[in-house]
Amino acid sequence: MCSPGWPSNENGVAMIKGSDLLVAALENEGVERIFGVPGEENLDVVESLRKSRIELVVTRHEQAAAFMAATHGRLTGRPGVCISTLGPGALNFTTGAAYAHLGAMPMIMLTGQKGILFSRQARFQIVDIIAAMRPITKMARTIVTGSSIPTLVRDAFRESMEERPGPVLLELPEDIAGEEVKDVPLVPPHDVPLPVAHPAALERATQMLLAAKRPLLMAGAGANRPRLTEALSDFVRRTRLPFFNTQMGKGAIAGGSKLYMGTAALSERDYVHRAIDRADVILSIGHDTVEKPPFLMGPKGPKVIHVGFTPAHVEQVFYPHAEVVGDVGPSLALLADRIEGKLNIDPAFATLRNEILAKLQDRAEESRFPLTPQRIVHDVRQVMPEDGLVCLDNGMYKIWFARNYRTHVANTLLLDNALATMGAGLPSAMMAAMLYPQRRVLAVAGDGGFMMNSQEMETAVRLKLNLVVLILEDNAYGMIRWKQAVDKFPDFGLGFGNPDFVKYADSYGANGRRVESADGLASTLEAAFRDGGVQLVVVPVDYSENIRVLVEELSRNVG
Ligand SMILES: Cc1ncc(C[n+]2csc(CCOP(=O)(O)OP(=O)(O)O)c2C)c(N)n1
Ligand SMILES: [Mg+2]
């Protein structure tokens with residue numbers, strides 16, 4: 001119901017403005033902040049926000065607002081909300097929408113539109129945003145009457161959060177936002193406990209696992225859903241299954257188990273693939289084929305059991321032999337009841353584990369300058385507490401962090417192996433810093449990716465966030481330069497110049513520092529965290545290790 005005090009019409013019927021109803025419906029969903037760049041078509045909504053408990057956080061680009069909202073969804077399981085104007089503003093949401101759609105992150109986008117009942121400006125700025133957004137959202141709807149707002153908002157949140165989660169767009173034309181409508185009750189949200197897997201599915205998985213000689217567990221992107229944290233670690237504790245994870249499954253299983261075999265950052269030939277190739281059954285929890293394949297399935301290799309909230313997709317390189325579909329946490333508890341203490345655990349995995357982890361430590365403390373990626377990952381881990389969050393942008397270093405960075409807590413290495421877009425590192429770290437002000441948060445970006453949303457340094461400073469941004473400087477789109485070399489093309493066209501990052505940070509009222517020696521990185525990061533506020537650290541990186549390790553050394557692992 002609308003709050004008391006809203007006006008009535010001449011017949012005594014309680015009336016409410018469309019935008020007030022929208023904001024009341026958002027409050028009803030527990031929304032605390034909205035990120036974005038309003039346009040004139042949103043001004044009724046902005047006015048309604050002014051009178052509400054919801055904070056409006058303006059960003060310097062809509063793309064960053066969408067990345068922040070998506071990361072809110074990723075970290076909490078509840079949609080983050082972002083707002084933009086029509087046409088150009090809404091189009092700036094598209095990359096964020098795709099990021100949330102591929103990454104299964106709950107998010108609500110609110111966009112404005114010209115009036116739909118009467119059009120004073122002909123087609124000025126009008127783009128069919130619903131059509132543009134349809135392939136990159138779970139649902140995209142125009143609100144055509146104020147009285148439908150409560151149901152549409154509730155439905156948008158339901159759709160966005162429901163497995164598989166993702167983005168939803170609601171477009172609110174300015175005349176509907178400003179129109180007084182008869183007050184309609186809000187729809188109260190409720191929890192929806194999901195069904196657990198069918199006993200027949202559990203039985204089939206049980207038989208396959210009990211018959212396996214060398215079973216292995218894999219945690220995928222879906223394993224990192226906030227509500228799964230306890231259940232998954234409990235399952236590993238009970239079954240003692242050695243495990244590895246995909247890039248986006250990192251941290252899903254609590255650390256210290258001595259069962260972690262590595263991260264499949266590449267699709268084949270990496271050290272961890274020695275374990276994968278040895279396995280005869282892989283219990284794949286929450287794998288989402290939107291990720292680059294953690295290994296390539298063929299007629300020979302291990303059999304795969306898919307455990308997920310939703311059925312598995314069938315891909316050329318990934319197709320399970322059995323499926324356990326249902327609420328993953330309780331379904332795993334039922335599976336553990338059947339297999340606990342009865343599995344064959346291959347002792348060779350323990351030896352392999354030591355070898356794989358030792359390989360990953362190779363050159364991690366080398367004092368070459370500019371720094372190697374291995375050393376950077378190593379030093380970052382040293383200054384990050386177990387619950388510290390590292391939020392990666394996209395570049396060459398992502399592979400190194402995915403392979404070498406050890407995680408002990410769910411969602412402590414946020415990376416995007418789905419859309420794999422550049423530009424999300426800083427905004428995602430800003431969201432993390434807002435949600436967890438007590439934890440250390442580090443954004444890691446290349447000099448290319450950082451500059452794609454670096455204007456948000458102003459937002460971070462304005463919000464008084466505690467955040468360190470680490471920029472790896474190679475004056476190039478390093479990852480593409482690497483691929484160019486791997487494909488034996490001449491080095492061409494991928495270099496650029498950079499601003500003086502220290503001065504750049506200072507000009508925003510942040511604090512900038514440059515690492516000048518190999519031993520300087522850890523101490524500079526530590527000092528930056530101690531000082532607090534928005535801190536930027538720039539470190540030159542030596543990417544020659546890309547070829548030595550990721551091409552030459554791993555190519556020797558064939559067969
Ligand atoms: C928005 C976007 N544009 C282009 C790409 C393709 N791409 C992937 S990595 C990369 C280079 C990244 O350069 P930088 O951020 O400097 O990181 P580096 O690899 O040099 O460490 C590019 C252009 C992408 N993933 N996303
Ligand atoms: Mg670069």
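User: Which strands does helix α14 lie across, and at about what angle does α14 run to β18?

Analyst: In this predicted model, helix α14 covers residues 373-383 and lies across β15, β17, β18 and β20.

User: In what order do the 6 strands of the open sheet follow one another?

Analyst: The pairing in this open sheet is parallel, and 4 bridges join β15 (residues 389-392) to β17 (residues 441-446), with Leu392 having Val444 as its bridge partner in β17. The edge strands, each pairing on one side only, are β16 (413-414) and β19 (511-514).

User: Are helices α10 and α12 roughly parallel or roughly antiparallel to each other?

Analyst: Helix α10 (residues 229-239) and helix α12 (residues 328-339) pack with their axes 9 Å apart, at an angle of about 10°. Their contact includes Leu232 and Phe235 of α10 and Leu332 and Ile339 of α12, and by class it has 8 nonpolar, 2 polar and 2 charged residues. Since angles under 35 degrees count as roughly parallel, the two helices α10 and α12 are roughly parallel.

User: Which protein donors does the magnesium ion (ligand 2) have?

Analyst: The donor residues are spaced D-x26-D-x1-A in sequence. Of these, Asp474 is buried at a relative accessible area of 15%, and Ala476 is buried as well, at 3%. Lying 2.1 to 2.2 Å from the ion, the protein donors are Asp447 (OD), Asp474 (OD) and Ala476 (O).

Terms used:
Residues numbered from 1 in each chain as written. Chains lettered and ligands numbered in written order. Predicted model: local features only at pLDDT ≥ 70, side-chain atom pairs only at ≥ 80, totals over all residues. Heavy atoms only, no water. Donors = N, O, S within 2.8 Å, 3.2 Å for Na, K, Ca; no water. Buried < 20%, exposed > 50% of the residue type's maximum accessible area, 1.4 Å probe, protein only. Axes fitted to C-alpha atoms, helices over the stretch in contact; angles between N-to-C directions. Parallel < 35°, antiparallel > 145°, perpendicular 65-115°, else oblique. Contact = heavy atoms within 4.5 Å. Nonpolar A, V, L, I, M, F, W, Y, C, P; charged D, E, K, R; others polar. Pairing = 2+ DSSP bridges.
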